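Here is a short briefing on selected local features of one protein chain. Keep the sequence and the model open while reading.

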Amino acid sequence: MRSARLWFVVLLMSFTALVLHLRGDVDRVPPSRPLSELPATIGTLTATDIVLDPEVLEVLGKGIFLNRMYLPEAGVPAADLSARTPIGLFIGYFPTQRTGQSIHSPQNCLPGAGWTFQSSGVTDLTDPTGKRYSVGEYLITDGKSTQEVLYWYRLHGRSVANDYKAKLYTLMDSIRYNRTDEALVRVITAIEPGEDRIDAHRRAVGFADRIVPLLPAYIPD
């Protein structure tokens, strides 16, 4: 099954590359605000930017990246695990994928960074208009800590959990709109010792609900 999926992705990406070559060399990229201007304060959390290593940037490719840890304000009671646990936010935005650059799925990147998957699935969020959409959800561990992860692809007003659906939408929109811009959004938070996973899940979803309305200004619809 995994081999079949790999060949499907290879064939899809090859066909996409051919279509993009035939369409020309320039994508239409709508204007947007720089990712660095995304608010550094979300609710009661304030961000610290984390610089990505050059080796990581080389693997990620020619995109625009935001990598932050949102930290709770001082004075949160030690017993309040959910309120005092940081939340990580990573956004990788590719204005074009025409040159062969493409977004790396967390299913490939996280194991390469030493994480293993304990479970995977999808969960539903609601956007500001009341529309429901699905995001990927992982439980990962490196043997020392366990993390709750939400991730989704955002492209042209859509939020997509599935890697293959995101590739198909990119292909269709490259033909219809001459656009290949796309972003990956990832929210991650530790499950503290003695904390139930459901509490970490709620923390991650609550943070995601806060940032979703902000994204269209930085990742164009």
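Asn162 caps the N-terminal end of helix H5, with a side-chain oxygen 2.8 Å from the backbone nitrogen of Tyr164. The model is predicted.

**Helix H5 and its ends**
- H5 covers residues 163-176, which is 14 residues.
- At 1.5 Å a residue, H5 should span 20 Å, and its end C-alpha atoms are 20 Å apart, so the two values agree.
- The buried residues of H5 are Asp163, Ala166, Lys167, Thr170, Leu171, Asp173 and Ser174.
- After H5 comes Asn178, with a positive phi near 60°.

**The loop between H5 and E9**
- Asn178 sits in the loop that joins H5 to strand E9 (182-190).
- Its phi of about 60° is positive, although Asn178 is not a glycine.
- Asn178 counts as buried because its relative accessibility is 16%, and the cut-off for buried is under 20%.
- Thr180 belongs to the loop between H5 and E9 too.
- Thr180 has 0% relative accessibility, so it counts as buried.
- What does the side chain of Thr180 make a polar contact with? The partner is the side chain of Thr96, at 3.4 Å.

- His156 is not a glycine, yet its phi is positive, near 55°.
- The residue lies in the loop between strand E7 (146-155) and strand E8 (158-160).
- His156 counts as buried because its relative accessibility is 14%.

**Tyr93 in strand E4**
- Tyr93 is part of strand E4, residues 87-94.
- Is Tyr93 buried or exposed? At 4% relative accessibility, Tyr93 counts as buried.
- Leaving aside residues up to four places away in sequence, Tyr93 touches Val29, Leu35, Gly63, Ile64, Asp181, Glu182, Ala183, Ile219 and Pro220.
- Tyr93 and Leu155 are 62 residues apart along the chain, and their C-alpha atoms are separated by 9.6 Å.

**The second largest pocket**
- The second largest pocket has a volume of about 800 Å³.
- It is lined by 35 residues, of which Leu52, Val56, Leu110, Ala113 and Arg186 are the closest to its centre.
- Which elements give two or more residues to the lining? They are helix H2 (54-60), strand E3 (64-72), E4, helix H4 (106-112) and E9.
- E4 gives the most to the lining of this second largest pocket, with six residues.
- By residue class, the lining of the second largest pocket divides into 23 nonpolar, eight polar and four charged residues.

**Helix H6**
- H6 has 15 residues, 197-211.
- How far apart are the end C-alpha atoms of H6? They are 21 Å apart, which agrees with the 21 Å that H6 should span at 1.5 Å a residue.
- Buried residues in H6 are Ala200, His201, Arg203, Ala204, Val205, Phe207, Ala208 and Ile211.

Terms used: Residues numbered from 1 in each chain as written. Predicted model: local features only at pLDDT ≥ 70, side-chain atom pairs only at ≥ 80, totals over all residues. Heavy atoms only, no water. Helix = DSSP H or I, 4+ residues; strand = E, 2+ residues; numbered from the N terminus. Expected span 1.5 Å × (residues − 1). Buried < 20%, exposed > 50% of the residue type's maximum accessible area, 1.4 Å probe, protein only. Polar contact = N/O pair within 3.5 Å; in protein donor to acceptor, adjacent residues only side chain to side chain. Contact = heavy atoms within 4.5 Å. 1 Å grid on protein atoms, 1.4 Å probe; cavity = no way out; pocket = protein on both sides within 12 Å on 5 of 7 lines; lining within 4 Å. Points joined across faces, edges and corners; volume = space filled by probe spheres on them. Nonpolar A, V, L, I, M, F, W, Y, C, P; charged D, E, K, R; others polar.
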